[in-house]
Amino acid sequence: MEIYGLKTCDTCRKAIKALPEARFVDVRADGVPADVMAAALATFGDKLVNTRSTTWRGLSEAERQGTPQDLLGAHPTLMKRPLVADGDTLHLGWTKDVQAALGVA
């Protein structure tokens with residue numbers, strides 16, 4: 001199991017604490033592997049882009065018009081966090097539903 005997020009993100013810290021066996025990948029430092037990003041985009045589409053983040057608010061209107069793939073490639077911190085890869089299954093965020101699906105709720 002892998003958790004993709006930011007080490008400074010409180011929500012990611014909660015996921016790491018609840019899933020100590022998972023490997024954490026900091027998207028700012030290491031990025032998200034292309035195959036995982038492609039699967040996440042196919043699964044979540046536009047929901048993968050966090051439009052409430054400070055990074056989003058700092059983008060120009062023209063930049064915001066880019067595709068989710070281009071936006072996340074240029075600004076990895078725009079990704080909604082955490083993205084949890086459990087085998088072939090992907091989970092986005094740290095909601096009660098995600099926690100239940102991972103057996104930690």
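Arg 23 and Glu 2 form a salt bridge in this predicted model, and their closest N and O atoms are 2.5 Å apart. This pair links distant parts of the chain: Arg 23 belongs to strand E2 (residues 23-26) and Glu 2 to strand E1 (residues 2-5), 21 residues apart. Glu 2 is partly exposed, since its relative accessible area is 22%.

How many salt bridges are there by this rule? The count comes to three. As background, side chains of opposite charge can pair when their charged atoms come close. Here are the pairs side by side.

| Pair | N to O distance |
|---|---|
| Arg 23 and Glu 2 | 2.5 Å |
| Asp 10 and Arg 13 | 3.4 Å |
| Glu 61 and Arg 64 | 3.9 Å |

Now for the helices. Asp 10 and Arg 13 both sit in helix H1 (residues 10-18), three residues apart, or about one turn of the helix. Arg 13 has a relative accessible area of 45%, so it counts as partly exposed.

Helix H4 (residues 61-64) holds both Glu 61 and Arg 64, three residues apart, again about one turn of the helix. Is Glu 61 buried or exposed? Glu 61 is exposed, because its relative accessible area is 53%, while Arg 64 is partly exposed at 24%.

Leaving aside residues up to four places away in sequence, Val 104 touches Ala 18, Leu 19, Trp 94 and Gln 99. The C-alpha atoms of Val 104 and Asp 86 are separated by 13 Å, with the two residues 18 residues apart along the chain.

Key: Residues numbered from 1 in each chain as written. Predicted model: local features only at pLDDT ≥ 70, side-chain atom pairs only at ≥ 80, totals over all residues. Heavy atoms only, no water. Contact = heavy atoms within 4.5 Å. Salt bridge = Lys/Arg side-chain N within 4 Å of Asp/Glu carboxyl O. Helix = DSSP H or I, 4+ residues; strand = E, 2+ residues; numbered from the N terminus. Buried < 20%, exposed > 50% of the residue type's maximum accessible area, 1.4 Å probe, protein only.
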